[in-house]
Amino acid sequence: MHVEKLTIPDILLITPARFEDSRGYFTETFNAPRMATHGLTLPFVQDNQSLSRQKGVVRGLHCQAPPHAQGKLVRCTQGAIWDVAVDIRIGSPTFGKWVAATLTGENGSQLWIPPGFLHGFCTLSDDVVVQYKCTDVWNRESERAVLWNDPALAIDWPVAPGDAIVSDKDAAAGDLLSVSGIFAFGE
């Protein structure tokens, strides 16, 4: 398992080893003791899966506020996504900054996004399946969202605003200030 800290060091790009032969491959997508050696010790209590039928679907930017803050271990099992995490922890040296990674069914990479970060992705192909493990269950009252193309974030999305396929709910999301103060750095 290869683990890489991204430019925001709390975000980890995890690429499990793959063992391939003429039949296909085998990979261990999660191993608690190995993850713990990289500081990932939160329990996972919910698994989610989404299907996006078209290239250019944008989902996010989402998070959950305490007491139901979620960490997410995200992977793409079919197709390809551009996965984004945005630091919204007040006092963090990387507050308002973002990192992204391309996750595909072929590369098997996963992105660890701890509580205190917004999460979103853009599909890079048709018929994309994304799966993620969460450290808390979904809670409607704790759900928060920021507009995917909020100018304050300056995220360099791989889709033009007029071509993005966004839900009505995500299109009506607030700006970065709407989630400011729900997380503090070092908590």
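## Basis of the description

Because the model is predicted, local features are given where pLDDT is at least 70 and side-chain atom pairs count only at pLDDT 80 or more, while totals for chains, interfaces and linings use all residues. Residues are numbered from 1 along each chain as its sequence is written, and side-chain values use heavy atoms, with hydrogens and water left out.

Helices (H or I, at least four residues) and strands (E, at least two) are DSSP runs that are numbered from the N terminus. A residue is called buried under 20% relative accessible area, exposed over 50% and partly exposed in between, with a 1.4 Å probe and protein chains only.

Strand E12 covers residues 117-123, and seven of its seven residues are buried, so the strand is largely enclosed by the rest of the structure. Phe117, His119, Phe121 and Thr123 point one way from E12, whereas Leu118, Gly120 and Cys122 point the other way, and all of these residues are buried.

Two strands are said to pair if DSSP finds at least two bridges between them. Strand E6 (residues 58-64) pairs with E12 in the antiparallel sense over four bridges, and within this pairing histidine 62 stands opposite histidine 119 of E12. Strand E8 (residues 80-87) also runs antiparallel to E12, to which it is joined by seven bridges; here aspartate 87 has phenylalanine 117 in E12 as its bridge partner.

## An open sheet of six strands

An open sheet is built from six strands in the order E1-E2-E11-E7-E13-E5, with antiparallel pairing. Strand E1 (2-5) and strand E5 (46-52) stand at its edges with a single partner strand each, so one side of each is left without a neighbour in the sheet. On average, and with direction ignored, neighbouring strands of this sheet are turned by 20 degrees against each other, where axes are lines fitted to C-alpha atoms, for helices over the stretch in contact, and angles run from 0 to 180 degrees between N-to-C directions.

## Backbone details

Two cis peptide bonds can be located in the model. The bond from glycine 60 to leucine 61 is cis, with omega near 15 degrees, and leucine 61 belongs to strand E6. The bond from proline 66 to proline 67 is also cis, with omega near 10 degrees, and proline 67 has its place in the loop between E6 and strand E7 (72-78).

Positive phi values occur in residues other than glycine. Aspartate 127, in the loop between E12 and strand E13 (128-134), has phi near 50 degrees, and at 36% relative accessibility this residue counts as partly exposed. Alanine 154 has a positive phi of about 50 degrees and is found in the loop between strand E14 (143-145) and helix H2 (168-171); with a relative accessible area of 56%, alanine 154 is exposed.

## Cysteines

A disulfide is taken as a pair of cysteine sulfur atoms within 2.5 Å, and by this rule the count is zero. The cysteine sulfur closest to that of cysteine 76 is in cysteine 122, at 12 Å, which is too far for a bond; cysteine 76 is buried at 3% relative accessibility. For cysteine 134 the closest cysteine sulfur is in cysteine 63, again 12 Å away and too far for a bond, and cysteine 134 is buried at 0% relative accessibility.

## Nonpolar cores

A nonpolar core is a set of buried Ala, Val, Leu, Ile, Met, Phe, Trp, Tyr and Cys residues joined through side-chain atoms within 4.5 Å. The largest core has 20 residues, of which Leu61, Val86, Ile88, Ile155 and Trp157 touch the most other members. Strands E6, E8 and E12 are the elements that give two or more residues to this core. Another core, of 19 residues, lies apart from it and includes Ile81, Val99, Ile113 and Phe121.

## The largest pocket

The largest pocket holds about 410 Å³ of space. On a 1 Å grid over the protein atoms alone, a pocket is an open set of points where a 1.4 Å probe fits, with protein on both sides within 12 Å along at least five of seven lines, and lining residues have an atom within 4 Å of a point. Grid points are joined across faces, edges and corners, and the volume is the space filled by probe spheres set on the points.

Among the 23 lining residues, Arg59, His62, Lys72, Tyr132 and Glu143 are the closest to the centre of the pocket. E5, E6, E12, E13 and H2 each supply at least two residues of the lining, and E6 gives the most, with six residues.
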